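Work through the exercises below with the model open. Try each task before reading its solution.

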Amino acid sequence: MKLQSVSSPKTPKTNSRTPSLSDFDRTLLFSDEILLRILAKLPDSQRDANSLVCKRWLFLQGRLVRSLKVLDWGFIQSGRLTTRFPNLIQVDLLSGSLISTRNSDILLNHKMFSVHIGSHFSPESEAFQTHLLSPEVIDRGLRELANGCPNLGKVALVGATELGLLSLAEECSTLQDLELHKCNDNLLHVISACKNLQILKLVGNLNGFYSSVVSDIGLTFLAQGCRRLVKLELNGCEGSFVGMKAIGQCCQMLEELIICDHRMEAGWLSALPYCENLKTLKFVSCKKIDSSLETDENFGLCPALERLHFHKCQLRDKKTASELFTLCGAVREIVFQDCWGLENDVFILASICRRVNILSLEGCSLLTTNGLESVILSWKEIVSLKVVGCKNIKDEEISPALSSLFSMLKELKWRPDTKSLLASSVIGANIGKRGGKFFRGF
């Protein structure tokens, strides 16, 4: 160590540099791109806290948001939505399209909508119309959204016109998933502008909310304009054999078709064989499937169909059920959930589907053990069985043949009622031990 001379002391150096803002906030040394990569690694639970740090973090955190449910349409019209969330991919505009009544404690909840309403509201389509924004306002909002978020891939909307849909389709070339409520034939006239559309949900009628018409004209527009469709859901739509045939002939990539609460004319189901690559067919909340279905053995039926689902449907018509199962004879999976009228005489008609390997029964209270046994024993390829909430299927009525089949299943969920514990004679059959992978008796 060198000692300083006493005779010549040195004056200490002073730091005259003024502290900068980066001395206190080291994140200012990072570019936006680097900081975005860091924020993207953090869990979503910290998103709100991160956005409160400063205005810069608020802006950057907004660029990481990909999905949003809009509750206030003014947020779109003011331009704040597109400024804060420019990289949105999914947007739900349904609730934001409704006018909420201020200071109202009445909340109208639907699986698709949620809005505060006044005491004068009644379950009529006209009353719903008074709570829906005008088409002009909705179209302006869609134009603002499309210009600010060109990367949109999934949108759910209600009350738009052809102009609003056209601006969305022209600006958002990556749009692949679209949900249209209060849809009509005129709106489907411009559907061809959505060049890359693959998933489409059309809601024409919604009981207690609104009523609009989607007929063969609209279905033909849809078929000619959206040839790349993979999944199509028709909810409360009208039409007939002509419209469904056009979809089958033009939309050759269609793999999944969902029919919900339809109002189609008799004979429409006979057009399904034109959907040559259809793999999944679902019926939801249908009071009837088809009152006049006629199939031809040489017509080809639906050879590619693998899954047939029924949810909350009435299945009382034996003639329609027989012809439907014949049409879908190649299915591998059948699901019945909370279906009315599914008695033994109707269920036994499904035995014509010889290739079934997965069966699910839930909430089918009219079906008995004998009815179940008569069908599944005829299916030589069945490997999975689910029976839940079917009160007329009893443990004590299980035959040795059915017990033996249970032991060979790869997956079994057996709870026909809350008291089902499986009888001792069934337990002795080693269910789930011989060749089984899963067994659930709870």
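**Overview**

The chain's secondary structure comes to 16 helices and 18 strands (DSSP runs numbered from the N terminus: helices are H or I with at least four residues, strands are E with at least two). This is a predicted model, in which local features need pLDDT of at least 70, side-chain atom pairs count only at pLDDT 80 or more, and totals for chains, interfaces and linings use all residues. Residues are numbered from 1 along each chain as its sequence is written, and side-chain values use heavy atoms, with hydrogens and water left out. Of the 442 residues, 47% count as buried (under 20% relative accessible area, 1.4 Å probe, protein chains only).

**Exercise 1. Describe how helices α14 and α15 pack.**

Step 1. Locate the helices: α14 covers residues 369–376 and α15 covers residues 400–408.

Step 2. Take the axes (lines fitted to C-alpha atoms over the stretch in contact, with angles from 0 to 180 degrees between N-to-C directions). They come within 11 Å and cross at roughly 60°.

Step 3. Classify the angle. Under 35 degrees counts as roughly parallel, over 145 as roughly antiparallel, 65 to 115 as roughly perpendicular, and the rest as oblique. The pair is therefore oblique.

Step 4. List the contact residues (heavy atoms within 4.5 Å). Thr 369, Glu 373 and Ile 376 come from α14; Ala 401, Leu 402 and Leu 405 come from α15.

**Exercise 2. Is Asn 205 buried or exposed, and what does its side chain reach?**

Step 1. Check accessibility. Asn 205 has 7% relative accessibility, so it counts as buried.

Step 2. Find its polar partners (N or O atoms within 3.5 Å; within protein, one must be able to donate a hydrogen and the other to accept it, and residues adjacent in sequence count only if both atoms are side-chain atoms). The side chains of Asn 205 and Ser 211 are joined at 2.7 Å. The Asn 205 side chain also reaches the backbone oxygen of Ser 212 at 3.0 Å.

Step 3. Leaving out residues up to four places away in sequence, Asn 205 touches Tyr 210, Ser 211, Ser 212, Asn 235, Gly 236 and Arg 263.

**Exercise 3. Which residues of helix α8 are buried, and what covers them?**

Step 1. In α8 (residues 162–171), the buried residues are Gly 164, Leu 165, Ser 167, Leu 168 and Ala 169.

Step 2. Their cover includes α7 (135–148), β5 (154–158), β6 (177–181) and α9 (185–188).

Definitions and conventions. Buried means under 20% relative accessible area, exposed over 50%, partly exposed in between (1.4 Å probe, protein chains only).
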